[in-house]
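Let's go through this one as a chat. Each reply sets a value beside the rule it has to meet.

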Amino acid sequence: MTVHAATQFSIDSTGAYLLELHDSFGKPIVFPRTQLGDKVRGGSHVCLPAFGTDASGKLPQHGYGREVEWDIVTSPDGRTVQCEHTQREGLYAGLQSRIMYQLDESVDSSVLQTTLSLFNQSIEPMPISPGFHPYFVVDPADIQLNGQRIALDDFEPFKPYGRHQSMTLETAGRTVTVSSPDLQDFIVWSDSRGEYLCIEPTLAGSGFDYIAPRAEELLPAGERRNFSYSVQW
């Protein structure tokens, strides 16, 4: 584990894990990664090669991406962090993965763009269905999601929200928008251990099956595919 500090966020080399994200005043956007009892919660991690549970039982929950060590390079200005990992053995030997975190600021708003690039260097197609698992700070007494007020202590632990280009979270006087051009099957989750709500952009939700993947979940040999999402506040 090596923590790489950047402007307003930091990355752990284990898992290319976003540990924290805050605004220019130091107020958290993402609930920082924290040990809560017997569970680690917070931050944001990639779900690679697939989000959720693999119906075939061949892959662990949310895949291997959050467990392995990534090579990290931070730009001189601290606004861009690039993470890279290539599997050398197992079911995904030859899968090269890159994650780019990039912070952009303007007078009106700030955006953290996260891009996952997958390159299949093997000679066989690979089943992939990635996603991301960010935890957003909320005031439990003041949450609106896509304009609908919700109560954190009465929220279903795991709720598919269907396909959207973006999801809008309003809480504690702040508006956070999560959007993606290609990870548009959103899952919303919370376990009420802390003051957070997870708004999770995924390729195809949680119905992954390594043995019988859907057509959009196959990455042909020799091909590259990019997946990105942004957090704007």
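Q: Where is the place of histidine 62?
A: Histidine 62 sits in the loop between β7 and β8. A word on the ground rules: this is a predicted model, where local features need pLDDT of at least 70 and side-chain atom pairs count only at pLDDT 80 or more, while totals for chains, interfaces and linings use all residues. Residues are numbered from 1 along each chain as its sequence is written, and side-chain values use heavy atoms, with hydrogens and water left out.

Q: Why is histidine 62 called buried?
A: Its relative accessibility is 7%. Buried means under 20% relative accessible area, exposed means over 50%, and partly exposed is in between (1.4 Å probe, protein chains only). So at 7% histidine 62 counts as buried.

Q: What is the phi of histidine 62?
A: It is near 65°, a positive value in a residue other than glycine. Most residues other than glycine have a negative phi, and most peptide bonds are trans. Serine 192 also has a positive phi, near 60°, and lies in the loop between β19 (185-189) and β20 (196-202). Serine 192 has a relative accessible area of 46%, so it is partly exposed.

Q: Which peptide bond is cis?
A: The bond from leucine 48 to proline 49 is cis, with omega near 10°. Proline 49 lies in the loop between β7 and β8.

Q: How many bridges pair β2 with β3?
A: Four bridges, in the antiparallel sense, between β2 (residues 9-12) and β3 (residues 17-22). Isoleucine 11 has leucine 18 in β3 as its bridge partner. The two strands form a hairpin with four residues between them, and glycine 15 in the turn has a positive phi of about 85°.

Q: Why is the contact of glutamate 84 and arginine 98 called a salt bridge?
A: A salt bridge needs a side-chain nitrogen of Lys or Arg within 4 Å of a carboxyl oxygen of Asp or Glu. Here N to O is 3.1 Å, so the pair qualifies. Glutamate 84 lies in strand β9 and arginine 98 in strand β10, so the pair ties together parts that are 14 residues apart in sequence.

Q: Is glutamate 217 buried or exposed?
A: Glutamate 217 is buried, with a relative accessible area of 1%. Its side chain meets that of arginine 214 in a salt bridge (2.9 Å, N to O), and arginine 214, at 32%, counts as partly exposed.

Q: What makes a pocket a pocket?
A: On a 1 Å grid over the protein atoms alone, a pocket is an open set of points with protein on both sides within 12 Å along at least five of seven lines, and lining residues have an atom within 4 Å of a point. The largest pocket has a volume of about 360 Å³; of the 17 residues that line it, the closest to its centre are Arg41, His45, His62, Arg66 and Tyr135. Volume here is the space filled by probe spheres set on the points, with grid points joined across faces, edges and corners.

Q: Which residues does leucine 103 contact, leaving aside its neighbours within four places in sequence?
A: Contact means heavy atoms within 4.5 Å, and the partners are Thr7, Gln8, Phe9, Arg79, Val111, Leu112 and Trp233. Leucine 103 lies in strand β10 (residues 95-105) and counts as buried at 2% relative accessibility.

Conventions: Pairing = 2+ DSSP bridges. 1 Å grid on protein atoms, 1.4 Å probe; cavity = no way out; pocket = protein on both sides within 12 Å on 5 of 7 lines; lining within 4 Å.
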